[in-house]
Amino acid sequence: MKTSILTEELTPVEANIITESSEDGKNTYLSGIFMQADIKNRNGRVYPSNEINEAVKLAQATIKERNGIMGELDHPQTLSINLDRVSHIITEINMDGTNAIGKAKLLDTPMGNIAKELVRAGVGLGVSSRGAGQVNEDGGVNGFQFVTVDIVAQPSAPNAYPSTIT
């Protein structure tokens with residue numbers, strides 16, 4: 001089996017946008033389903049629950065150790081996180097059944113400001129996991145090595161329709 005870069009995405013409706021107030025009134029968060037297990041996505045892949053559970057455990061440890069996980073606006077073609085493209089910091093992620101529910105703070109970086117402006121304009125944003133793994137003949141994913149969740153326009157993960165909360 002060949003190891004490949006794997007990216008998964010959610011539709012704009014599937015990303016739950018939350019705006020939280022702070023003293024400066026500027027914090028904007030995306031909150032909702034970040035990854036889904038045990039269902040075939042639009043890329044024809046199925047991530048077993050054990051793979052998503054392990055990815056969430058790794059992400060939780062990284063969030064605790066590094067005070068968050070950086071993500072980018074749109075998917076790059078590599079597994080490396082490009083600092084000049086960072087748009088958000090993942091601050092929380094937990095399992096809820098077969099879904100990984102996350103929360104990400106949009107940053108005041110050039111890419112984060114693009115994402116914020118899209119949100120202000122009423123554009124729904126999708127989210128997408130980025131990692132590596134092996135895909136078998138029937139689309140099942142083994143050895144998923146989670147890197148981050150990026151903000152995207154064309155996601156692939158189905159069946160997640162959280163409401164938008166402002």
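Predicted model: local features only at pLDDT ≥ 70, side-chain atom pairs only at ≥ 80, totals over all residues.
Local features here need pLDDT of at least 70 and side-chain atom pairs count only at pLDDT 80 or more, while totals for chains, interfaces and linings use all residues. Residues are numbered from 1 along each chain as its sequence is written, and side-chain values use heavy atoms, with hydrogens and water left out.

I start with the core. A nonpolar core is a set of buried Ala, Val, Leu, Ile, Met, Phe, Trp, Tyr and Cys residues joined through side-chain atoms within 4.5 Å; buried is under 20% relative accessible area, exposed over 50%, partly exposed in between, with a 1.4 Å probe and protein chains only. The largest such core has 27 residues, and Met35, Ile93 and Phe146 touch the most other members.

What does Phe146 contact beyond its neighbours within four places in sequence? Contact being heavy atoms within 4.5 Å, the partners are Met35, Ala55, Leu58, Ala59, Ile69, Arg130 and Gly131.

Now the charges. A salt bridge puts a side-chain nitrogen of Lys or Arg within 4 Å of a carboxyl oxygen of Asp or Glu. The whole structure has seven.

Glu72 and Arg85 form one, at 3.5 Å from N to O. Glu72 is buried at 0% relative accessible area, whereas Arg85 is partly exposed at 25%. Salt bridges also link Glu72 and Arg85 with Arg130 and Asp150 in a network.

Lys116 pairs with Asp108, their closest N and O atoms 2.3 Å apart. Here Lys116 is buried at 6% and Asp108 exposed at 58%.
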